[in-house]
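Good morning, and thank you for coming.

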Amino acid sequence: MSNKILEAKNICKYFHDPTTVQVLNNVSFSIDKAEFVSVIGKSGCGKSTLLYILSTMDTDYQGDLIIDGQLMRNKKEADLAKIRNEKIGFVFQFHYLLNEFSVLRNVMLPGLKFGKYSEQEVEHRAIEKLKILGIENEGLKMPNQLSGGQKQRVAIARALINDPLIIMGDEPTGNLDKKNSEIVFQIFKELATVYHQSLLIVTHDNEFATRTNRIIEMEDGRIIKM
Amino acid sequence: MKIKLIASVSISLLLARWKQTLVAAIGVTFSITMFITLLSFMSGLNDMLDGLILNRTPHVRLYNEIKPNKNQPIDQTEKYKQYYNFISSIKPKNDRAEIYNNSAIMQSLKKDNRVLGFAPKIVAQVFYNVGPIDLTGAINGIDVDEENRLFYLSTYVTSGNFIDLKNIPNSIILGKGAAEKMMANIGDVIQVTTTKGERVPLKVVGYFQSGIAEIDKVQSYATIKTTQKLLGESTSYITDIQVKLKDVLQAPAVAKEYQELYQVEAVDVQTANSQFETGSSIRTLISYSVGVTLLIVAGFGIYNILNMMIYEKMDSIAILKATGFSGKDVNAVFISIALSIGIFGGILGLIFGFGLSSIIDQIPFNTASLPTVKTYPINYNPKFYIIGGIFSIVTTYMAGYFPSRKASKIDPVIIIRGK
């Protein structure tokens, strides 16, 4: 029980526009610490929707979501933002780096928002994270000076800055070529084995999924295999 | 820490669109500059025009009106006391225009602490003799020192020295118009005839120019003593007491009180010159509304720019929210962008406004009716700067409020899924 960092109980989700459609139907599962989990399924099966609910960004659902022993229901927007900041690292399909800031500053932003460490410490930690990802030399560049693969690695560094409980990825390799996908996968693998980082990655790349610890397969809003 | 972070995000967003930001700030600067200049100029002009009349007008004037006696004999008879009597064609009796017991009144005015000061005055009707022709005129007998202290005599004595009036016996300061008609130069002796037919020579020691040509053609000044001599009256003869109060707004109440207390006519400045106040307040109203309109237009500019910035930065806002920035933080970022445009533009506007009004202050403005005014009048009242400053912040805050709220409500899921 104590190892469960994230638990979903009977999560249901409906889309109401234009007609009411049930996208998630009684989804229940849990993730333990240091697990590397992938979620696969056909496009439209609700896996991304599930991920956004798990990340606390989508609050319009039924069922219970428990992160780190805390029930997410009825929490205020500001509290949820704090949980996202401290406990969840997010990597998207698109890198979403802020072009106005340097790479280092991009990585630092969630850390500065957290406010647990001083600015110098956050900077030091950001450089550490960039080192793990092998891009410590790019820190002073602007995001638009980097290649696609490098940008995605910066995004992963940003997800790591606050030592989150779990990293969630929404098709993090979807926009990358074979070689860069492999690099990103190796990074995830290393994070899971060396740093005991929990990961929950949504993907439609079956080859990627088979190499993770555990696969959750979804179809039509249900988990069919896990 | 948090403030610093929000500030650094705001600054980065600002600098990313620095040209637009600059345009917005220039809008604020321009409107504040115009606001300050307009109000300073308008208010300077108001003060000047008010000063033209109001500075020289006593707040309360005590005098004796020549009118029929209110207590007619029929009202005092036993038989008709209870009746309402209509009497036609009553004439005033041969009354003197003098204020009775004026030295006692002046003694008690001295003790009244609402009173800033008072100056006794005699108004004497005379004729100025120019060869065979007599021109009607009026000589104001004044206490030179008090008149200057309270009603700024020296500012409208344009040639000659006003103090000579006191030092040279039997002297007169002529209105510029009257002097021109008589072709009297300073140092000349003119003849005046009193209403009683006496001819008196007076020495011209100066000209005065009030700004109102009709007055300058008729009036002139002499000392109280000279005027009393002219009229053949005793040294206690005084027709007017001009009172200046510490607070001009009290004038109507004080006038009423004095009328009862001293049994004389008392008229306050508000009643005597009501049209000036109306003019001033309407001019002020117009300048404020123009200034505020300018600011609101600048506010719309800021609103537009922030709205555009939010559409452009939708992704950035979404990712900030995804990584743990709350709606409040995002709101603070955009509000601080709006406020920094407002504060920066506002401060520049205040500086430029001061500069522009100083320049206007240097532009020569010569008009025959206003001898003391050499340049355009400007009022550097700090009140305008405070109002301008507050207004620039308030309008930019309002302009930033709605876009910021919109930004804070952005749902990151919708943006991120849309890709």
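**Strands and sheets in the model**

Let me begin with strand E4 (residues 62–67) of chain A, which is joined to E5(A) by two bridges, the two running antiparallel. Within that pair, A:Ile67 has A:Gln70 in E5(A) as its bridge partner. What you see is a predicted model, in which local features need pLDDT of at least 70, side-chain atom pairs count only at pLDDT 80 or more, and totals for chains, interfaces and linings use all residues. Residues are numbered from 1 along each chain as its sequence is written, while chains are lettered from A and ligands numbered from 1 in the order in which they are written.

A word on terms: helices (H or I, at least four residues) and strands (E, at least two) are DSSP runs, numbered from the N terminus. Two strands pair if DSSP finds at least two bridges between them.

E4 and E5 belong to an open, antiparallel sheet of four strands in chain A, ordered E2-E1-E4-E5. Strand E2 (21–32) and strand E5 (70–71) of chain A each have a single partner strand, so one side of each lacks a neighbour in the sheet. Helix H1 (residues 47–54) of chain A packs on this sheet, touching strand E1 (4–15), E2 and E4 of chain A; contact requires C-beta atoms, placed from the backbone, to lie within 7 Å.

Chain A also has an open sheet of six strands with mixed pairing, in the order E6-E7-E8-E3-E9-E10. Its edge strands are strand E6 (88–91) and strand E10 (222–225) of chain A, each pairing on one side only. Inside this sheet, strand E3 (residues 36–41) and strand E8 (residues 198–202) of chain A pair in the parallel sense over four bridges, with A:Phe36 opposite A:Leu199 in E8(A).

How confident is the predictor here? The mean pLDDT (confidence in each residue, from 0 to 100) of chain A is 86, and 99% of its residues reach 70 or more.

I turn now to chain B. In strand E7 (residues 199–208) of chain B, seven of the 10 residues are buried, that is, with 20 or more other C-beta atoms, placed from the backbone, within 10 Å of their own. Strand E4 (residues 157–160) of chain B runs antiparallel to E7(B), joined by three bridges; B:Val157 stands opposite B:Phe208. Strand E5 (residues 171–175) of chain B pairs with E7(B) in the parallel sense over five bridges.

Note on methods. pLDDT = per-residue confidence, 0-100. Contact = placed C-beta atoms within 7 Å. Axes fitted to C-alpha atoms, helices over the stretch in contact; angles between N-to-C directions. Buried ≥ 20, exposed ≤ 12 C-beta atoms within 10 Å, placed from the backbone.
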